[in-house]
Amino acid sequence: MRKKKWVPSFLEQEKEYLVSDMKGYDKEKPLYIEIGMGMGDFITQSAKQHPEIFYVGLEREATCVARAIKKARELEISNFRVILADAMNITELFDEESVSLIYLHFSDPWPKKRTHKRRLTYPSFLSSYEKLLDPDGILIFKTDNTDFFADSLTYFQTSNFELLEKDEDYYREGEPMTAYQAKFHEEGKPICYAKYKINKV
Ligand SMILES: C[S@@+](CC[C@H](N)C(=O)[O-])C[C@H]1O[C@@H](n2cnc3c(N)ncnc32)[C@H](O)[C@@H]1O
């Protein structure tokens, strides 16, 4: 997404929602994070529905971050923060075992073999997530891309994540949707879903 002109000054003035990291989080509420949150439709609505949970969106595109902050302001939520950063550096952004749940929603599928290592489900990313999740930690992955889904299931098989649920036509009435999910749902395209728990060794 192209950076819009209003974005840098908007983010410079933002004091409430934009943070550089979540080191030292006090764990008063369980911490749920969405990696590659896009424009924040799912996570801001989830925060509104669940004030007992603290939500953090991680996103590398400044325009998406600014749009998510606008949504958070409209919803007047206090249990949401956003980090403008690349997930490559995720272990520097959160304390070990501080995260209860990770959402990976419609991550870029990077179809060419030479780019597979950029996938947010690639084994190198999974081992970072393993460090951040607490011993009961959960990871939820959704995508419309069946090849990416199948490859990701094999990545998870080589990791310490255990499959709890799999659904290749996922829909939950009343659950907030991401922007991509809403678009695919409208087009009648099935959504692949997998839910994992971490097994700490
Ligand atoms: C296809 S979009 C999906 C957005 C949103 N999750 C949804 O379902 O509507 C993927 C998003 O992930 C972000 N993203 C991709 N790779 C990332 C990375 N390594 N670190 C942070 N964000 C990333 C992109 O900037 C983009 O906003």
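Predicted model: local features only at pLDDT ≥ 70, side-chain atom pairs only at ≥ 80, totals over all residues.
Close-up 1. Lys27 sits in the loop between α1 and β1. Its backbone is worth a look: phi is positive, at about 60°, although Lys27 is not a glycine. Most residues other than glycine have a negative phi.

**Close-up 2. Tyr25, in the loop between α1 and β1.** Tyr25 belongs to the loop that links α1 (7-13) to β1 (31-35). With 17 other C-beta atoms within 10 Å, Tyr25 is partly exposed. Which residues does Tyr25 contact once its neighbours within four places in sequence are left aside? They are Leu31, Asp95 and Ser98. Ile102 is 77 residues away from Tyr25 along the chain, and their C-alpha atoms are separated by 16 Å.

**Close-up 3. Trp110, with a positive phi.** For Trp110, phi is near 40°, a positive value in a residue other than glycine. Look for Trp110 in the loop between β4 (99-105) and α4 (123-132). Trp110 has 17 C-beta neighbours inside 10 Å, so it goes down as partly exposed.

**Close-up 4. The open sheet of seven strands.** Reading across the sheet, the order is β3-β2-β1-β4-β5-β7-β6, and the pairing is mixed. β3 (80-84) and β6 (161-167) stand at the edges with a single partner strand each, so one side of each has no neighbour in the sheet. On average, neighbouring strands here are turned by 20° against each other, direction ignored. Helix α3 (residues 62-75) packs on this sheet and touches β2 and β3. The direction of α3 makes about 170° with that of β3.

Close-up 5. β2 and β3 run parallel and are joined by five bridges. Is β3 mostly covered or mostly open? β3 is mostly covered, with four of its five residues buried.

**Close-up 6. β7 and its two partners.** Strands β5 (residues 133-143) and β7 (residues 192-198) run antiparallel, with six bridges joining them. Thr143 has Cys192 as its bridge partner in β7, and Ile138 has Lys197. β6 and β7 also pair in the antiparallel sense, over six bridges. Lys197 turns up here too, as the bridge partner of Glu162 in β7.

**Close-up 7. The two faces of β7.** In a regular strand the side chains alternate between the two faces of the sheet. Along β7, which residues point to one face and are buried? Cys192, Ala194, Tyr196 and Ile198 do.

**Close-up 8. Val201, past the end of β7.** Val201 lies in the segment after β7. Val201 counts as exposed because it has 5 C-beta neighbours inside 10 Å, where the cut-off for exposed is 12 or fewer. Val201 and Pro135 are 66 residues apart in sequence, yet 9.6 Å apart in space from C-alpha to C-alpha.

**Close-up 9. The largest nonpolar core.** This core has 43 residues, and those with the most contacts inside it are Ile33, Leu58, Ala68 and Ile102. α3 provides the largest share of the core, six residues. In soluble globular proteins, nonpolar side chains tend to be buried together. What does Ala68 contact, leaving aside its neighbours within four places in sequence? Ala68 is in contact with Met37, Met39, Gly40, Thr44, Gly57 and Val82.

**Close-up 10. The shell around the ligand.** The ligand is surrounded by 19 residues, and the closest are Gly36, Gly38, Ala87, Phe106 and Thr178. By class, the shell has eight nonpolar, six polar and five charged residues. β2 (54-59) and α6 (179-187) each supply at least two of the shell residues. Which element gives the most to this shell? α6 does, with three residues.

Terms used. Residues numbered from 1 in each chain as written. Near = placed C-beta within 6 Å. Nonpolar A, V, L, I, M, F, W, Y, C, P; charged D, E, K, R; others polar. Pairing = 2+ DSSP bridges. Axes fitted to C-alpha atoms, helices over the stretch in contact; angles between N-to-C directions. Contact = placed C-beta atoms within 7 Å. Core = buried A, V, L, I, M, F, W, Y, C linked by C-beta atoms within 7 Å. Buried ≥ 20, exposed ≤ 12 C-beta atoms within 10 Å, placed from the backbone.
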